[in-house]
Amino acid sequence: MLTSILLLLLSLSISGSLVIMLVCAICRLLQKRLSHQWQYYIWIAAIVRLLFPFSPEENLIGYMAKPLLEMDSSFAYMSAEQNTQNTRNENSSDTIIRQSSGYAQSAPITDTKRKVQTMKAFIKRNMTKLLEYRLHLCIFWFTVAMLLLLRKITVYQDFIRFMKASSAPVDDIDFLEMLSKTESQLGIQKPIDLWSSQIVSSPMLIGFFHPCIILPEKDNQSKQAVYYIMLHELTHYQRRDMYYKWLVQLVLCIHWFNPFVHIMARQVNRLCELSCDEAVTAKLESGSQRKEYAATLLAAMSKEHNYKEQVASLTLTENKRLLKERMEFIMRKKETTVSEKLLTVFLTATVIIVSVYSGSFPAGASAGTSAGISVGTSVRIKETRQADRQGNTSEITAEQADEMALALTNKIWVWEWVEFFVPYMTKEGAEKLVSASRHSEWAGYIDHTTGKKLKFTKKQIRTARRHTPSRPLTSKALDSHALMIMQSNGDWDCISFMLPYMSKKGIRAVTRSYNSKHGDDKKRAADYY
């Protein structure tokens with residue numbers, strides 16, 4: 001469960017970062033051709049990707065996750081090497097000797113193979129250590145996320161209380177009538193309160209359930225300036241910018257470790273005011289009105305804010321760094337061309353497609369990872385477990401016997417162990433054993449008994465298939481076979497692909513046998529069913 005949370009969080013953060021980088025690149029290259037409103041709302045695609053794990057079955061992160069989900073099989077080492085460790089006092093460091101079924105075989109290990117095996121062991125060891133600390137990582141991530149969220153909520157509540165305690169309702173009939181007309185102009189049904197305060201220097205909109213516009217107390221405020229202030233702040237309310245900002249803050253708390261999310265939050269804050277200016281100026285008919293609106297912004301920037309909180313409020317002016325950009329945009333009225341509209345549609349579709357198909361780790365994938373098996377394997381293990389609970393002995397199909405026999409052939413050359421599956425296999429599957437033995441990990445090894453290269457023969461297979469079993473292969477029989485291999489060999493890779501078809505009792509038995517031989521690498525049976 002904890003591994004699932006970590007991998008899901010990591011996958012969403014990675015895929016979300018890809019979308020963020022794409023949007024940043026688009027906005028940087030085509031900034032003058034795209035509207036601020038489009039640049040502001042396109043970030044929703046990144047936000048959705050960072051929050052929701054829904055994605056198609058085939059996606060980028062899922063494809064990248066395959067090596068991780070099949071880590072146990074990719075970390076498979078030659079079974080002969082395991083026996084070298086068991087018989088290192090009898091063999092030189094340049095040969096590998098396996099003793100099984102009454103004979104011994106040996107094969108040289110090249111420097112390249114040894115380096116590959118060392119690297120695989122190093123990666124596996126470090127990944128195992130990382131998974132061992134998954135509880136601590138989950139607790140640390142959750143603690144930081146909750147502290148950040150609680151801090152933002154607390155600051156917001158303190159800010160609202162502070163502003164309301166230091167403000168008073170506006171009783172000017174002209175201002176209240178102007179507010180009502182502006183609300184009707186924008187189609188806002190809910191009444192918005194109008195307050196004034198001595199401690200604020202810039203007008204702002206605060207509150208979720210009881211929104212309120214707070215004006216600075218200035219004696220020389222013209223009615224036209226107040227109208228532009230109301231139009232700006234009510235546009236924020238009409239677009240639900242407060243909810244948008246808090247959604248970004250929620251993503252920021254969850255993905256606090258991701259620098260790309262912090263970049264996204266800064267861009268959303270910047271574009272919030274630019275897109276609001278764009279919406280306001282679209283309602284202004286003449287150049288003189290745009291000049292008056294720009295003058296209102298300049299007047300609001302006459303002095304620094306006495307209390308700054310970007311999340312808790314929506315101010316007329318966020319900071320002076322945006323002032324020049326906002327002034328240039330307000331004074332430049334630009335008509336949107338058909339080509340720009342088509343470009344916007346194309347880019348929107350591109351970002352959405354990338355957001356959808358960047359994807360995330362498949363649900364339940366990490367369960368297979370922590371157990372060292374693939375996703376499909378973990379599903380089959382669950383089916384086997386359900387059969388055990390019902391008290392049934394699962395029957396194994398011929399195709400499943402093919403799968404296990406071919407996998408075992410690739411790991412080890414002991415014919416007696418593979419022969420167990422041959423009577424239960426399909427004819428086509430049995431015929432593949434000869435070719436599989438020639439392309440296996442141990443292909444080319446020498447049998448010291450005969451002096452020939454090891455490989456399975458058609459004669460062996462025909463002989464084994466003459467013994468027609470009276471009933472299908474069952475999980476109970478497979479349990480016994482897997483336990484025999486573990487007791488004789490001690491190599492987990494030789495029985496790992498049998499686990500999905502074994503019973504809980506059989507898995508516990510092979511786990512105990514493995515742990516008795518490998519005290520430094522304990523395995524838990526519960527991880528495999």
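Student: How do I read the accessibility of Asp174, and what is its relative accessible area?

Tutor: Asp174 has a relative accessible area of 37%, so it is partly exposed. The cut-offs matter here: buried means under 20%, exposed means over 50%, and partly exposed lies in between. Keep in mind that this is a predicted model.

Student: Which side chain meets Asp174 in a salt bridge?

Tutor: Lys223 does, at 2.9 Å from N to O. The pair links distant parts of the chain, 49 residues apart. Lys223 sits in helix H10, residues 223–238, and Asp174 in helix H9, residues 173–186. Lys223 is also partly exposed, because its relative accessible area is 46%.

Student: How many salt bridges does the structure hold?

Tutor: It holds five. One of them joins the side chains of Asp241 and Arg239, with 2.8 Å between N and O. Another joins Asp527 and Arg524, at 2.6 Å from N to O.

Student: Are Asp241 and Arg239 buried or exposed?

Tutor: Take them one by one. Asp241 has a relative accessible area of 0%, so it is buried. Arg239 comes out at 15%, and therefore counts as buried.

Student: Why does Arg240 count as partly exposed?

Tutor: Because its relative accessibility is 41%.

Student: Which residues of H8 are buried?

Tutor: Start with the geometry. An α-helix has 3.6 residues a turn, so residues three or four places apart point the same way. In H8, the buried residues are Cys138, Trp141, Ala145, Lys152, Tyr156, Phe159, Ile160 and Met163. Note that a lysine, Lys152, is among them.

Student: On to surface patches. Which residues gather in the patch of positive charge?

Tutor: Arg438, Lys452, Lys453, Lys455, Lys458, Lys459, Arg462 and Arg466 gather there, on the surface. Then ask which elements supply them. Strand S10, 452–453, and helix H21, 458–465, each give at least two residues. H21 has the largest share, three residues. Arg462 is placed in H21.

Student: And which residues make the nonpolar surface patch?

Tutor: Ile44, Val48, Phe52 and Phe54 make it, with an area of about 390 Å². Phe52 sits in the loop between H3 and H4. Its relative accessible area is 41%, so Phe52 is partly exposed.

Student: Where is Pro56 placed?

Tutor: In the loop between helix H3, 43–51, and helix H4, 60–69. Pro56 counts as partly exposed, because its relative accessibility is 24%.

Student: How do I read contacts between parts of the chain? What separates the C-alpha atoms of Pro56 and Tyr357?

Tutor: Pro56 and Tyr357 are 301 residues apart along the chain, yet their C-alpha atoms are separated by 6.6 Å. Leu483 belongs to helix H22, residues 475–489. At 23% relative accessibility, Leu483 counts as partly exposed.

Student: How far apart are Asp493 and Ala407, in sequence and in space?

Tutor: They are 86 residues apart in sequence and 9.5 Å apart in space, C-alpha to C-alpha. Asp493 lies in the loop between H22 and helix H23, 504–517.

Student: Is Asp493 buried or exposed?

Tutor: Asp493 is buried, because its relative accessible area is 4%.

Conventions:
Residues numbered from 1 in each chain as written. Predicted model: local features only at pLDDT ≥ 70, side-chain atom pairs only at ≥ 80, totals over all residues. Heavy atoms only, no water. Buried < 20%, exposed > 50% of the residue type's maximum accessible area, 1.4 Å probe, protein only. Helix = DSSP H or I, 4+ residues; strand = E, 2+ residues; numbered from the N terminus. Patch = residues over 30% accessible without salt bridge, like charges linked within 9 Å, V, L, I, M, F, W, Y side chains within 5 Å. Areas by Shrake-Rupley, 256 points an atom, 1.4 Å probe, with all protein chains shown as cover. Salt bridge = Lys/Arg side-chain N within 4 Å of Asp/Glu carboxyl O. Lys, Arg positive; Asp, Glu negative; His and termini not counted. Charge placed at Lys NZ, Arg CZ, Asp CG, Glu CD.
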